[in-house]
Amino acid sequence: MNEPSPLDREYSPSSVARDAAGTLRRYRARSDAARARLEVRAAVPYGPATVERCHVFPASPASRTAAGVPALVFVHGGHWQESGIEDACFAAEHTVAHGCAFVAVSYGLAPARTVPEMIVSVRAALSWLATFGPLYGIDPDRIHVAGSSAGAHLLAAALAHSTAPWVRSACLLSGLYDLGEIPHTYVNDAVGLTPGLARECSPLAMPAPRCTEVLLATGEHETGTYLRQQKEYASHLAALGVPVSTHTVPGRDHFDLPLDLADPATPFGRISLRHLGLAESHLE
């Protein structure tokens, strides 16, 4: 078996993660538990394609109001070619406990779908929620988004389009914002980006995302490329006048950082809850 190239290692988060396979199993276990314990509207279509589905977890009955509740929309990672919404519900219980609805979005995977198609699907999911969210008790003016890895990239790209709905905040974890090197890595075996498409799909070359503020975070145990790209995207956002904060979270890596999302028992979970504008009383 050939040794991976230095560039391939930079785009392989598992090369520096502590237990990627074990963490991925935790995604599924927590997601299964959330679907078993919470009310969920499963596989709701937001577009015509078979893969354009989402799991909607309404807020708890005690949290619901006539005006609707906020929602956290989560877009999963997986190098645009792995994972899915069955593994992307792990933050639902903490989110619902804090008076929010939670929505996990499916966008299809490479090689069956292209990255531009995925971006369009994520944008369509947000537009659908802005229109039909009230049917699920969601206030369309209080939509927050979060994504990990490929999901962070897809959200950044989707929100940069002029037709994207405005969202309250974006929490982007361990994302790639310049895809220029992807065609030269193993990732492209499935994704199939040309150099031109890689440039077109890079948020670092796009207008500001349509959101009020952005939180960027990576784990401490991450490759230099992911750490560098977070800094570059933060600078890009700041230059465009978008309020942005960045965090490198101690003791976390590419895979286990998302598990802290909205979890008040963890330092980053408390940061993310404040970013979402949830009640401070829950953070003590």
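What covers the buried residues of H2? The cover includes strand S2 (53–57) and helix H3 (92–97). The views below start from the whole sheet and return to this helix. This is a predicted model, in which local features need pLDDT of at least 70, side-chain atom pairs count only at pLDDT 80 or more, and totals for chains, interfaces and linings use all residues. Residues are numbered from 1 along each chain as its sequence is written, and side-chain values use heavy atoms, with hydrogens and water left out.

**View 1. The open sheet has 8 strands.** Their order is S1-S2-S4-S3-S5-S6-S7-S8, with mixed pairing. Strands (E, at least two residues) and helices (H or I, at least four) are DSSP runs, numbered from the N terminus. Two strands pair if DSSP finds at least two bridges between them. Strand S1 (41–45) and S8 are the edge strands, each pairing on one side only. On average, neighbouring strands are turned by 25° against each other, direction ignored. Axes here are lines fitted to C-alpha atoms, for helices over the stretch in contact, and angles run from 0 to 180 degrees between N-to-C directions.

**View 2. Strand S7 (residues 211–221) pairs with S6 and with S8.** Strand S6 (residues 167–173) runs parallel to S7, joined by 6 bridges. Leu215 in S7 is the bridge partner of Cys171. S7 and strand S8 (residues 244–253) also pair in the parallel sense, over 7 bridges. Val244 in S8 stands opposite Val214. From S7 the chain passes through helix H8 (residues 224–239) to S8, a right-handed β-α-β crossover. Right-handed means that, with the strands pointing away from the viewer, the path from the first strand over the helix to the second runs clockwise.

View 3. Strand S5 (residues 138–148) is parallel to strand S3 (residues 69–75), with 6 bridges between them. Ile138 in S5 stands opposite Val69. Contact means heavy atoms within 4.5 Å.

**View 4. Helix H2 (residues 20–37) spans 26 Å between its end C-alpha atoms.** Buried residues of H2 include Tyr27, Ser31 and Arg35. Buried means under 20% relative accessible area (1.4 Å probe, protein chains only), exposed over 50%, partly exposed in between.

Note on methods:
Expected span 1.5 Å × (residues − 1).
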